[in-house]
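Please consult the sequence and the structure shown below while reading.

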Amino acid sequence: MTAGLQLFDLLESKNREKSFSPMVWRAKLSLNHKGVTYETIPVTFLDIPTLIPQVCPNVTAPTVPTLKIADGEGLQDSLAIAEYVEKNYPKGPSIFGATPSEKHLQLFFDSYVSTRLHPAIQRLVFIEMYEHQDAENAAYFKSSREKGGKTLEQLGGDRAQNMKELKENLGLIHSALLRSGGWITGEQPGWADFTLISAFIWFNTFSPQKFEEGILNAIDDQVLRSYWLKAQQLIV
Ligand SMILES: N[C@@H](CCC(=O)N[C@@H](CS)C(=O)NCC(=O)O)C(=O)O
């Protein structure tokens, strides 16, 4: 079952060392949680349109993560990858919980992270993401993001406003962590945690300083910092 799985991962193209995509991390944390063996294929933004269609021949908008599961057969979505792993590797801890309602709640949390944290993080790291690319990928990143007519600086908006938005939206997450005393999903991490940790990895990769200010120091106690420290055991 495990032989031949390949995960296409996105690296910053300047040094090609850091895996930063929050959606790829959701998939990686899910695969690792289940103890699945897979090969990582590092790609840059510019590799995606040529490499991903070889794995998913009918794809219209190639993206990562993509998991190659057989020749000419791939899954091109983080949630689809996690669902595949949950279904095909039933041994070990669950990703989505024991019941459909647990899964639905975790997907609700996923939507919260994607709509309440991702936009502010994206605005706070537009410039750093650009600066971490090699010349060709930087040109692609800039032109694709500036298609709507705004520059990267304009898209980034006001730093203080972004930090305020993050802090406001972290409040409910902080309360959930305080209540659980562990992971969002309780004693074992699950999909909800993978979405949150992946967003933190993305932010921290491009701006450790803003991550410290905007997440770890956003609320005046150690709850988010302890969570981040605990998450390090999953980030391999
Ligand atoms: N629904 C997809 C979204 C994947 C996605 O947007 N991936 C981004 C990286 S985080 C990508 O491949 N972008 C390609 C590009 O910007 O050219 C998932 O969750 O897997």
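Which pocket does the space taken by the ligand correspond to? The ligand takes up the space of the second largest pocket. The model discussed here is predicted.

**Ligand shell.** Around the ligand stand Ser21, Met23, Phe45, Ile48, Thr63, Val64, Pro65, Asp77, Ser78, Tyr140 and Arg145. Sorted by class, this shell comprises 6 nonpolar, 3 polar and 2 charged residues. Polar contacts to the ligand are listed in the table.

| Residue | Protein atom | Ligand atom | Distance |
|---|---|---|---|
| Val64 | backbone N or O | nitrogen | 2.7 Å |
| Asp77 | side-chain N or O | nitrogen | 2.7 Å |
| Ser78 | polar side-chain atom | oxygen | 2.7 Å |

On its own, the ligand has 520 Å² of accessible area, of which the protein covers 73%.

**Backbone features.** Val64, whose backbone contacts the ligand, is joined to Pro65 by a cis peptide bond with an omega of about 5°. Pro65 belongs to the loop that runs between helix H2 (48–55) and strand S3 (66–70), and Pro65 is also part of the ligand shell. A further backbone feature concerns Arg16, a residue other than glycine with a positive phi, near 55°. Arg16 is located in the loop between strand S1 (6–10) and helix H1 (22–33).

**Annotation.** An unreviewed UniProt entry assigns the feature "domain: GST N-terminal" to residues 11–93. In the model, the span 11–93 is 37% helix and 16% strand, and its end C-alpha atoms are 28 Å apart.

Terms used: Residues are numbered from 1 along each chain as its sequence is written. This is a predicted model: local features need pLDDT of at least 70, side-chain atom pairs count only at pLDDT 80 or more; totals for chains, interfaces and linings use all residues. Side-chain values use heavy atoms; hydrogens and water are left out. A residue is near a molecule or strand if one of its heavy atoms lies within 4 Å of it. A polar contact is a pair of N or O atoms within 3.5 Å; within protein, one must be able to donate a hydrogen and the other to accept it, and residues adjacent in sequence count only if both atoms are side-chain atoms. Accessible areas come from the Shrake-Rupley method with a 1.4 Å probe; for residues, only the protein chains shown count as cover. On a 1 Å grid over the protein atoms alone, a cavity is a set of points where a 1.4 Å probe fits but cannot get out, and a pocket is an open set with protein on both sides within 12 Å along at least five of seven lines; lining residues have an atom within 4 Å of a point. A molecule sits in a cavity or pocket if more than half of its atoms lie within 2 Å of its grid points. Ala, Val, Leu, Ile, Met, Phe, Trp, Tyr, Cys and Pro count as nonpolar, Asp, Glu, Lys and Arg as charged, and the others, Gly among them, as polar. UniProt positions are given in the numbering used here, feature names are shortened, and annotations may be inferred rather than shown by experiment. Helices (H or I, at least four residues) and strands (E, at least two) are DSSP runs, numbered from the N terminus.
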